[in-house]
Amino acid sequence: MSEIMNLSTVLAYFLVFLIGLYHCFNEARHAWITRNNTGLTIFERRAYILKAGLALTLALLAIGGLLQAIAGA
């Protein structure tokens, strides 16, 4: 029973990781699209560019961390 619980716990953590990764990429995409809206000030455009860049960076660093965890580093 303990092995089943361990496996289900690992799968649950991995599922939460994948959901978070999806939302990071989705947030970056929405911010990148929104920056082209008319009526935004230059500061709002820069904020959306920064938001997209940070969300994309977070997602890429999460993938890098997952690869390090797989490698056992």
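**View 1. Leu60 in helix 2.** Leu60 lies in helix 2, where helices (H or I, at least four residues) and strands (E, at least two) are DSSP runs numbered from the N terminus. The model shown is predicted, so local features need pLDDT of at least 70 and side-chain atom pairs count only at pLDDT 80 or more, while totals for chains, interfaces and linings use all residues. Residues are numbered from 1 along each chain as its sequence is written, and side-chain values use heavy atoms, with hydrogens and water left out. Leu60 is partly exposed, with a relative accessible area of 49%; buried means under 20% relative accessible area, exposed over 50%, and partly exposed in between (1.4 Å probe, protein chains only). The C-alpha atoms of Leu60 and Leu21 are separated by 8.8 Å, although the two residues are 39 apart along the chain.

**View 2. The packing of helix 1 against helix 2.** Helix 1 (residues 2-34) and helix 2 (residues 42-71) pack at an angle of about 155°, with their axes 8 Å apart; the axes are lines fitted to C-alpha atoms, for helices over the stretch in contact, and angles run from 0 to 180 degrees between N-to-C directions. The two helices are therefore roughly antiparallel to each other, a term for angles over 145 degrees. To the contact, which means heavy atoms within 4.5 Å, helix 1 contributes residues including Phe14, Phe17, Leu21, Phe25 and Trp32, and helix 2 contributes residues including Tyr48, Ile49, Leu56, Leu60 and Leu66.

**View 3. His30 in helix 1.** His30 is found in helix 1 and is partly exposed, with a relative accessible area of 40%. Between the C-alpha atoms of His30 and Phe17, residues that are 13 apart along the chain, the separation is 20 Å.

**View 4. Ser2 in helix 1.** Ser2 also has its place in helix 1, but this residue is exposed, with a relative accessible area of 52%. The C-alpha atoms of Ser2 and Thr57 are separated by 37 Å, and 55 residues separate the pair along the chain.

**View 5. The protein chain as the setting for the close-ups.** The protein chain contains two helices and zero strands. Its radius of gyration is 17 Å, well over the 11 Å that the globule rule gives for 73 residues, so the chain is more spread out than a compact globule; this radius is taken over C-alpha atoms, and the rule is 2.2 Å times the number of residues to the power 0.38. Along its principal axes the C-alpha trace spans about 60 × 25 × 10 Å, and of the 73 residues 12% count as buried. Among contacts between residues at least 6 apart in sequence, 61% join residues at least 24 apart.

How values were computed:
Angles under 35 degrees count as roughly parallel, over 145 as roughly antiparallel, 65 to 115 as roughly perpendicular and the rest as oblique.
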